[in-house]
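Below are my notes on this model, point by point. Please read them beside the coordinates.

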Amino acid sequence: MQIVYHLIVFYLTCHLIWCLFREKKFWNQVSVALVLIMFLLRLFLIK
Amino acid sequence: MRNLKGNFVSALLLLFAIAICFLSALKFLSMQKKEAIFPSRGLTSRKMLSSYFPELKKTWGDTDVYLYEGQEKGGNLLILGGAHANEPAGFMSAVLLIENIQVSTGKIIIVPRANNSGFTHSQPQEGNPQRYSLESPWGRRHFRHGSRLTNPVHQWPDPSIYINPAGQKLSGADSRNLNRCYPGKKTGSLTEKIASGIMELIKKEKIDLALDLHEAAPEYPVINAIVFHENSADLAALALMELQIEGFEFRLEASPLNLRGLSHREWGDHAQIMAILLESANASHGRLKGKTSPALIVEGKDKNYTKAAKLGRLFVPYDEDGIPLKLRVARHLAAVKSILSNLEELYPEKRIEIKNMPSSSELKKVGIGPFLNPPN
């Protein structure tokens, strides 16, 4: 089950990073970066 | 050029996210570190719960078990603190016993962090502090304020409806509530395995009486209570009378037959032992509280609760002085003492004699700090 969790979170994290580089508006980029923090914490099973 | 500029900002923001993640990870991971407990000289041995139930080895459910064995044979007592890691009076009572007692007759086994995984995270959406601290003659000691439930990092996902090992239907999150998972399941979830481990401990150590120390909100009806399995009805009733003579008001609550999975019900039914759960009133646990701060946990003062008490909405007396941790621990220890003195009265062969147990009057007077041991 942990592998499934990791795969889902990894996919979404990659998608967020892709969005971060694709996004043109600064505040949208900031929003993506903030969401990314939570996904990284989840990806490494910290929180 | 514009694309390059956009990528530069993105890379900076990515670095910012990684830096914030790193800093918060340090904070979150610090919660996994156990605070030291300095046992008294009376400690006979220290084990891990996995020595009774090896499936728990190298999991976050494995936890310390402290054994105090007297020279003379007598009864065997189990004291469980920290089944809910956000109920500090249960945990602190266990710590005070570990750091002070000596047993001359019988055997006492203390598990201060029954749900060790619950201590590794905080209750979500509560804004709870990570730690509270107590002043002792040897300096300030910090203690974790954890969560009622097992850390979801250690047990995931929650089912929509949880059917516990005793067959009771509960909300999904209760699958991570140790005090809903008894008698446990050897091949079940982490929380069910912890419950199994405690059941194995009860059986292998031939426990006669087990006490589970808890706290609840002042607006919750089962509060300042002794909840007893029918096996321990006489013992609980006698202890209650003694406590009332000493000036402690307690409610006597019979363990409901149709509420399954709780310690007092399943320990009694499955291990045929005397099982009692103790509840004290904790304002930081309730729904009416203001900001949860370390001061609220330790001093137990909250103006919303004072107002609620004046409106008659609480099940315990509550005034401007609040219900401090030292009083909640004093109540637990007074109850333990009273239960043990009446155990001897009812079953002389199961006598348990303890020395150096902090008295409730001293605790109320000088607080918890002076009873904590120096670091060694």
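1. What covers the buried residues of α5(B)? The cover includes α3 (190-204), β9, β10 (225-228) and β12 of chain B. Contact here means C-beta atoms, placed from the backbone, within 7 Å. Helices (H or I, at least four residues) and strands (E, at least two) are DSSP runs, numbered from the N terminus.

2. Helix α5 of chain B spans residues 263-271; 7 of its 9 residues are buried, so it is largely enclosed by the rest of the structure. The buried ones are S263(B), H264(B), R265(B), E266(B), W267(B), G268(B) and A271(B). Buried means 20 or more other C-beta atoms within 10 Å of the residue's own; exposed means 12 or fewer, and partly exposed lies in between. Just after α5(B), Q272(B) has a positive phi of about 55 degrees.

3. This is a predicted model: local features need pLDDT of at least 70, side-chain atom pairs count only at pLDDT 80 or more, and totals for chains, interfaces and linings use all residues. Residues are numbered from 1 along each chain as its sequence is written, and chains are lettered from A and ligands numbered from 1 in the order in which they are written.

4. Strand β9 of chain B (residues 209-216) has 8 of 8 residues buried, so it is largely enclosed by the rest of the structure. L209(B), L211(B), L213(B) and E215(B) point one way; A210(B), D212(B), H214(B) and A216(B) point the other way.

5. Both pairings of β9(B) given here are parallel. Strands pair if DSSP finds at least two bridges between them. Strand β3 of chain B (residues 72-80) is joined to β9(B) by 4 bridges, with I79(B) opposite L211(B). Strand β12 of chain B (residues 274-281) is joined by 8 bridges, and L278(B) stands opposite L213(B).

6. The largest nonpolar core has 95 residues; I79(B), A210(B), L211(B) and I276(B) are among those touching the most other members. A core is a set of buried Ala, Val, Leu, Ile, Met, Phe, Trp, Tyr and Cys residues joined through C-beta atoms within 7 Å. Helix α8 of chain B (residues 325-346) gives the largest share, 11 residues. Another core, of 9 residues, lies apart and includes L36(A), I37(A), L13(B) and C21(B).

7. At the chain interface, 17 residues of chain B contact 17 residues of chain A. The chain B side divides into 13 nonpolar, 4 polar and no charged residues. Ala, Val, Leu, Ile, Met, Phe, Trp, Tyr, Cys and Pro count as nonpolar, Asp, Glu, Lys and Arg as charged, and the others, Gly among them, as polar.

Methods:
Two residues are in contact if their C-beta atoms, placed from the backbone, lie within 7 Å.
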